[in-house]
Each structure stands twice: as C-alpha cells, then as structure tokens.
Amino acid sequence: MSADYILDEEITDKNFEEIDIKYKDFENCVFRNCDFTQCDFMAVTFIDCNFFDCNFNDTKINYVSLRGAFFTKCNFTNVNFAMTDQVIYEFRFKDCLLDYAKFYKLKLKKMQFLNCSMVSVDFMESDLTEVIFDNCNLRLAVFEGTIANKADFSTSYNYTIDPEKNKLKKAQFSVEGLKGLLMKYDIVVK
C-alpha cells in the first residue's frame with residue numbers, strides 16, 4: 001500500500017504539516033483533536049472519514065475531494081470551500097464553527113448543517129437545494145443568486161434572505177424567521 005493512501009486509521013492529537021497532507025488519499029479514517037491550520041490541502045481526498053474537534057481555521061483546501069466526510073465540533077473559520085472537487089461528494093457539519101467560510105458557486109444539494117455558527121458565510125450563487133440548516137446562526141450570511149428550493153431554514157435564525165434575488169420554491173421557514181425574508185421592505189414584524 002502506498003504511503004500516499006491511508007486506510008482505516010485513527011489519528012489523534014496530531015498537528016499536521018503541509019507534507020503530512022498534500023497529495024494523499026484518506027479512506028475510512030477518523031481524526032480526533034487534530035490541527036490542520038498549517039496545511040495547504042492540495043489534491044487531497046477524504047473518503048468516508050470522520051473529524052471530531054479538529055481545527056481548520058484559515059486552512060487552504062484547494063482541490064480537496066470530500067466523499068462522505070463528516071465534521072463534528074470542528075473550526076472552519078475563514079475557510080474557502082469554493083475550490084473543492086465537486087465530483088461525487090458529500091459532507092456534513094455538526095456543532096461546527098463556520099464563520100466567514102465561503103461556499104461561493106458550490107453545488108451543496110442535500111447537505112446538512114446541524115447546530116452550526118455560520119456568521120457571514122458566503123453562499124452567493126450556490127445551489128442549496130434540499131439543504132438542511134438545523135439550528136444554525138446565519139447572521140450576516142450572504143444569499144444572492146442562490147438556489148434554495150426545498151431548503152429547510154425552519155429552526156435556524158438571524159438570516160436575511162431576499163426572495164427576489166434567490167430561488168426559494170418550497171423552502172421552509174418558521175414564523176419567527178419571516179422578518180429575515182421581509183427585511184428589505186423595512187417592515188416591522190412583531
């Protein structure tokens with residue numbers, strides 16, 4: 001087996017350097033309390049991997065494939081996902097910090113964001129069809145030219161979404177979230 005292909009490993013408390021990650025494929029691996037902040041993820045693939053309490057703050061994740069990657073309690077502050085490989089990919093975030101992350105023009109159909117802080121996240125021109133935003137803080141998140149048909153925002157809060165600049169057919173919102181859809185009209189909703 002190649003040193004560039006890592007299978008069925010559990011990696012704990014590791015501070016990754018660029019050399020540890022570049023041009024590698026990880027399959028069915030578990031990462032716990034790992035720090036990736038010094039990494040430039042060039043041509044990396046994660047297949048069926050789980051990440052717990054990992055730090056990706058300001059990490060560059062260019063040309064990364066996420067195929068069944070699940071992140072729990074991870075920090076992705078200021079990470080740009082726009083250059084991720086979009087061929088056969090799936091990822092989920094639970095209890096993660098995604099403030100200032102960028103998902104510009106990505107196809108995120110059916111993705112799940114569960115109990116995440118997503119302050120000032122950029123979703124411009126993204127496809128959020130059937131995405132679940134469960135109990136997420138979307139304060140100052142940017143939704144423009146976004147397709148959010150059948151997306152579920154019903155338990156999330158602090159969002160401002162212009163229905164005239166986004167596709168929201170059959171998207172779900174709570175009554176409390178209506179003010180975020182009407183903000184541009186300067187209407188007071190009580």
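Two helices and nine strands make up the secondary structure of the chain. Read from the N terminus, the order of the elements is β-β-α-β-β-β-β-β-β-β-α. The radius of gyration is 17 Å, close to the 16 Å that the globule rule gives for 190 residues, so the chain is as compact as a globular protein of that length. The model is predicted.

**Overall dimensions and surface**

- The C-alpha trace of the chain spans about 60 × 30 × 20 Å along its principal axes.
- The chain has 190 residues, and 44% of them count as buried.
- Its accessible surface comes to about 9,900 Å², and carbon and sulfur atoms account for 49% of that surface.

**Contacts along the chain**

- Contacts between residues at least 6 apart in sequence can be sorted by how far apart the partners are, and 2% of these contacts join residues at least 24 apart.

**The cavity**

- One cavity of 30 Å³ or more turns up when the whole structure is searched.
- The volume of the largest cavity is about 70 Å³.
- Its lining is formed by F41, F46, F51, F56, I61, V64, L66, F71, F76 and F81.
- Two or more lining residues come from each of β5 (44-52) and β6 (64-72).
- The element that gives the most to this lining is β6, with three residues.
- Sorted by class, the lining of the largest cavity holds 10 nonpolar residues, with no polar and no charged ones.

**Residue F153**

- F153 is found in the loop that runs between β9 (132-134) and α2 (178-182).
- The relative accessibility of F153 is 0%, and because buried means under 20%, F153 counts as buried.
- Leaving out residues up to four places away in sequence, F153 touches F133, L138, F143, A148, Y159, I161, Q172 and F173.
- N135 is 18 residues from F153 along the chain, and the C-alpha atoms of these two residues are separated by 8.2 Å.

**Points to locate in the structure**

- For the cavity, the strands to find are β5 (44-52) and β6 (64-72), which each give two or more residues to the lining.
- For F153, the place to look is the loop between β9 (132-134) and α2 (178-182), where its contacts include F133, Y159 and F173.

Note on methods. Residues numbered from 1 in each chain as written. Predicted model: local features only at pLDDT ≥ 70, side-chain atom pairs only at ≥ 80, totals over all residues. Heavy atoms only, no water. 1 Å grid on protein atoms, 1.4 Å probe; cavity = no way out; pocket = protein on both sides within 12 Å on 5 of 7 lines; lining within 4 Å. Points joined across faces, edges and corners; volume = space filled by probe spheres on them. Helix = DSSP H or I, 4+ residues; strand = E, 2+ residues; numbered from the N terminus. Nonpolar A, V, L, I, M, F, W, Y, C, P; charged D, E, K, R; others polar. Buried < 20%, exposed > 50% of the residue type's maximum accessible area, 1.4 Å probe, protein only. Contact = heavy atoms within 4.5 Å. Rg over C-alpha atoms; globule rule 2.2 N^0.38 Å. Areas by Shrake-Rupley, 256 points an atom, 1.4 Å probe, with all protein chains shown as cover.
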